Amino acid sequence: MKILEIRAMKGPNYWSVNRHKLIVMVLDIEDMEQRPTNTIDGFLERLKAMFPTMYEHRCSVGEPGGFFQRVEEGTWIGHVIEHIALEIQSMAGMEVGFGRTRGYGEEGVYNVVFAYTEEEVGKFAAKASTKIAEALVNKTEYDLASDLQEMREIRERVRLGPSTGSIIEEAEARGIPWIRLNKYSLCQLGYGVNQKRIQATVTSNTSNIGVEIACDKEDTKFLLEQAEVPVPKGEIVRTEAGLKDAVDYIGYPLVVKPISGNHGRGITTNILNWEDALHAFEAAKKVSSSVIIERYITGEDYRLLVINYKLVAAALRTAAHVVGDGKSTVQQLIDNVNKDPLRGFGHEKVLTMIEVNDLTLGILEENGKSLDTVLEKGEYLKLKDTANLSTGGTAEDVTDIVHPYNIFMAERIARIIDLDICGIDIMTTDIGQPLPETGGAVLEVNAGPGFRMHLAPATGLPRNVAGHVIDMLYPPGSTSRIPIVAVAGTNGKTTTTRLIAHMARMKGYKVGYTTTDGVYIQNRLLMAGDCTGPASAEFVLKDPTVDFAVLESARGGLLRAGLGFKNCDIGIVTNVASDHLGLKGIHTIEQLARVKGVIPETVFPNGYAILNADDDLVYDMRNSVKSNVALFSLNENNERIVKHAKNGGLSAIYENGYITICKGTWKIRVTKAINVPLTFEGKAIFMIQNVLPAVLTGYIKGFSIEDIKVSLESFIPSPAQTPGRLNMFRFKNFNVLLDYAHNAAGLTALKQMIEKMDGTPKIGMIAGIGDRRPEDNHEIGAVAARMFDEIIIRQDKNLRGKTEKELIDMIHTGIKSVDPDKKVTIIPSEKEAITHAITNAKDGSLLVFCSDVVPDALNLVMQFKEMETKELYDL
């Protein structure tokens with residue numbers, strides 16, 4: 001078997017609009033195509049032995065044991081690999097259940113699709129499941145345990161931590177979108193101007209000064225002492241001599257800790273003699289040049305969590321420990337503790353397994369014990385210096401018993417240090433009594449405190465502390481979103497996108513939009529190239545200046561990774577034509593329509609899917625959307641439009657020369673098509689089709705009819721406004737029209753326009769496309785033969801897997817099928833082809849350049865125009 005490709009879907013996609021995190025593995029099962037599972041001796045038995053819990057897989061049978069039944073009856077190995085990939089992720093602690101295996105369109109090649117929780121783990125599972133299946137087929141041994149552990153380790157390395165993850169989960173539950181900004185914990189909540197950022201539990205609202213103070217224990221202690229907050233008696237030292245003075249002043253027991261540190265690094269507690277104090281001092285110096293020496297406060301370790309200056313949770317923390325039974329060694333006791341189902345690897349469960357490390361061994365040695373020591377019954381042995389959950393500690397929720405004085409004190413401390421989210425560590429014998437009365441003290445104030453102990457305490461009530469963070473970042477009445485208009489279709493989507501962006505700009509919005517030409521922020525090109533995929537969409541949504549997004553969303557990005565957003569306010573599909581077929585497993589126009597249909601399916605229920613009523617495949621998309629539907633048509637008598645109007649629906653039509661909005665049966669005329677520069681005085685019918693959904697978008701977003709009219713009449717096709725889309729250059733003796741038309745449907749639409757235009761002869765420059773089917777290139781040639789008196793065949797910059805000769809032959813074949821005698825000139829270089837056409841142009845001719853690299857072609861044509869202008873001026 002051979003893995004041909006592994007792709008990770010991260011948003012709504014061809015396979016599922018609702019399940020965004022999917023691995024799509026293109027798998028060639030080679031000779032296994034002739035070997036279904038019921039023909040492989042002992043396969044089912046070996047599968048059951050390795051994965052007994054796979055009995056729960058219901059498969060299409062719909063009941064437990066259903067998948068095993070399918071294997072027994074006979075299914076293909078790709079289907080088995082799908083289920084193995086799901087099962088091993090679940091066994092590694094990442095529960096997933098959605099999968100699909102479908103033919104790719106080639107003999108023995110399949111799309112194996114399955115869910116993942118972490119992308120890198122999902123990709124690992126794709127490869128591992130294939131190897132496991134091969135081992136099962138070949139009756140060879142396989143180290144499954146090793147794979148499971150590696151998957152756990154990958155998960156811990158790449159996933160968001162429990163605190164960040166809880167905030168993200170709460171945001172998702174409230175419909176707040178988010179984007180991960182780096183491979184660590186920096187995340188963006190919301191879009192555009194309404195975004196907020198979090199990093200662990202530090203937010204974009206968090207005071208930088210507050211964080212600096214909390215990270216400096218000396219400053220923290222000084223401020224708290226000044227405010228009469230109980231803190232341990234202590235000194236800051238930097239030398240051994242200073243340490244001696246501090247010990248003499250404070251007395252034993254002591255705690256030694258670095259001024260700048262976290263997660264308990266470099267802290268030593270309950271020091272009772274000079275030798276231990278010196279050793280602890282040296283350990284702390286490895287973390288910070290300055291070290292704090294404090295009186296060791298006896299009692300229990302509490303963490304108070306304050307969010308938005310209100311106490312929201314409190315926990316009693318206990319360090320990792322074991323209790324003797326009189327017969328088990330320390331190691332055996334640790335092993336027994338780690339068998340607790342609440343404990344797992346890293347952060348996968350409520351508690352973390354206790355790891356024996358150098359710190360543990362050092363503590364044992366200090367206590368005159370080893371891992372082989374048998375503790376007496378009831379004997380308590382602490383294994384870590386701190387009570388952090390990440391080192392195996394436990395937490396008990398005590399929020400409801402915190403004394404009001406201590407609540408007042410905690411909230412006051414948050415104000416003193418100026419932290420919107422802060423964790424306050426307290427040592428006291430009873431949190432239910434005022435701190436001064438118990439002789440307790442505030443040990444530390446933490447910026448970016450962990451939430452895990454509050455979210456899932458070992459005992460007591462879990463607290464949704466992440467909810468308080470979201471309440472702070474997005475209080476009632478605020479919004480996290482910006483308007484998103486998504487545009488899909490085979491042809492016309494770039495022009496429609498640009499027109500909508502123009503309309504929004506004229507209404508005062510700061511618009512970000514994506515096109516096949518690049519990404520634009522406030523009409524400035526910031527990223528050049530074909531930018532119609534998810535990364536480009538995220539580029540716009542991450543920009544903090546944008547308050548309106550218009551996103552051209554093409555087939556390629558959807559199939560490669562899914563959409564870069566989960567929902568939009570308006571989703572437009574201009575049309576569906578036979579283009580890009582045979583790529584990424586999409587072989588029919590119906591499949592292509594399903595790809596483009598993802599866009600309207602992501603529209604919010606109160607939003608609008610704007611669909612082309614003249615296109616059967618686009619019109620049918622209305623059946624799968626959950627939103628309102630608006631239709632557009634070039635024919636006001638289209639039965640679909642008439643029916644939609646009778647039902648009170650919203651539509652836009654071209655009638656009696658007008659661009660018209662229909663609200664039910666009422667007509668609202670916007671302007672005459674001849675007044676819209678984009679339509680070339682009404683000659684470019686396909687441009688009118690692009691205008692209609694744009695007009696509907698403006699109307700739905702509340703733009704006035706006058707504003708829409710002004711926008712349409714001020715949007716002039718030009719290299720600046722619409723590069724490569726009907727750019728007309730009028731030379732002295734001939735005209736040049738440059739357009740991006742690159743498929744048969746686009747050329748056919750262009751043909752209808754140039755038939756109405758003056759110019760003889762009409763000379764067209766076209767090219768074959770390497771990643772299209774032969775019949776697609778034949779059709780381009782055939783349409784061109786009907787359009788032009790003469791044809792120049794050039795070649796795309798990127799041949800995309802074909803040779804120059806193959807592509808030229810395909811185009812030539814199409815031309816000859818219509819007119820064997822058509823005059824054809826072959827000039828592979830686009831620059832040379834344009835130069836040849838312009839320098840040899842006949843008086844009165846119309847040159848039509850269908851360009852590949854639009855910016856280069858535009859620059860060349862404009863250079864010729866400038867040269868002509870200069871010559872005329874010199875005369």
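Analyst: The model is predicted, so some limits come first: local features need pLDDT of at least 70, side-chain atom pairs count only at pLDDT 80 or more, and totals for chains, interfaces and linings use all residues. Residues are numbered from 1 along each chain as its sequence is written, and side-chain values use heavy atoms, with hydrogens and water left out.

The largest cavity has a volume of about 80 Å³. The structure holds three cavities of 30 Å³ or more. A cavity here is a set of points, on a 1 Å grid over the protein atoms alone, where a 1.4 Å probe fits but cannot get out. Points are joined across faces, edges and corners, and the volume is the space filled by probe spheres set on them.

Lining residues have an atom within 4 Å of a point. For the largest cavity, they are Ala214, Lys217, Thr220, Lys221, Leu224, Val231, Ile292, Glu294, Val442, Leu443, Glu444 and Val445. Helix H8 (217-226), strand S12 (291-295) and strand S21 (441-447) are the elements that give two or more residues to this lining. Helices (H or I, at least four residues) and strands (E, at least two) are DSSP runs, numbered from the N terminus. By class, the lining has seven nonpolar, one polar and four charged residues. Ala, Val, Leu, Ile, Met, Phe, Trp, Tyr, Cys and Pro count as nonpolar; Asp, Glu, Lys and Arg count as charged; the others, Gly among them, count as polar.

H8 also packs against a helix. Helix H7 (residues 208-215) and H8 meet at an angle of about 100°, with their axes 5 Å apart. Axes are lines fitted to C-alpha atoms, for helices over the stretch in contact, and angles run from 0 to 180 degrees between N-to-C directions. H7 and H8 are therefore roughly perpendicular to each other, a term that covers 65 to 115 degrees. H7 brings Ile213, Ala214 and Cys215 to the contact, and H8 brings Lys217, Asp219, Thr220 and Leu223. Contact means heavy atoms within 4.5 Å. Four of these contact residues are nonpolar, one is polar and two are charged. Ala214, Lys217 and Thr220 take part in this contact and also line the largest cavity.

Next, the backbone. The peptide bond from Tyr252 to Pro253 is cis, with omega near -5°. Pro253 sits in the loop between helix H9 (240-250) and strand S10 (254-258). The bond from Thr760 to Pro761 is cis too, with omega near -5°. Pro761 lies in the loop between helix H26 (744-754) and strand S35 (762-768).

Two residues other than glycine have positive phi values to inspect. Phi of Lys139 is near 60°. Lys139 lies in the loop between helix H4 (119-138) and helix H5 (144-158). Lys139 is exposed, at 52% relative accessible area. Exposed means over 50%, buried under 20% and partly exposed in between, with a 1.4 Å probe and protein chains only. Glu681 has a phi of about 60°. The loop between strand S32 (666-672) and helix H24 (685-700) holds Glu681. Glu681 is exposed at 56% relative accessibility.

Val695 is found in helix H24 and is buried, with a relative accessible area of 0%. Leaving aside neighbours within four places in sequence, Val695 contacts Met503, Ile659, Ile661, Val670, Ile708 and Leu712. Val695 and Ile661 are 34 residues apart in sequence and 7.8 Å apart in space, C-alpha to C-alpha.

Phe632 is another buried residue, with a relative accessible area of 0%. Phe632 lies in strand S29 (residues 628-633). The C-alpha atoms of Phe632 and Leu650, 18 residues apart along the chain, are separated by 8.8 Å.

A loop residue can be buried as well. Asn491 lies between strand S22 (484-488) and helix H17 (493-506) and is buried at 16% relative accessibility. Beyond four places in sequence, Asn491 touches Thr574, Asn575, His742, Asn743, Ala745 and Gly746.

Finally, the whole chain. The protein chain has 30 helices and 38 strands. Its C-alpha trace spans about 105 × 70 × 60 Å along the principal axes. Of its 875 residues, 55% count as buried. Among contacts with a separation of 6 or more, 67% join residues 24 or more positions apart.

Methods. On a 1 Å grid over the protein atoms alone, a cavity is a set of points where a 1.4 Å probe fits but cannot get out, and a pocket is an open set with protein on both sides within 12 Å along at least five of seven lines; lining residues have an atom within 4 Å of a point. Angles under 35 degrees count as roughly parallel, over 145 as roughly antiparallel, 65 to 115 as roughly perpendicular and the rest as oblique.
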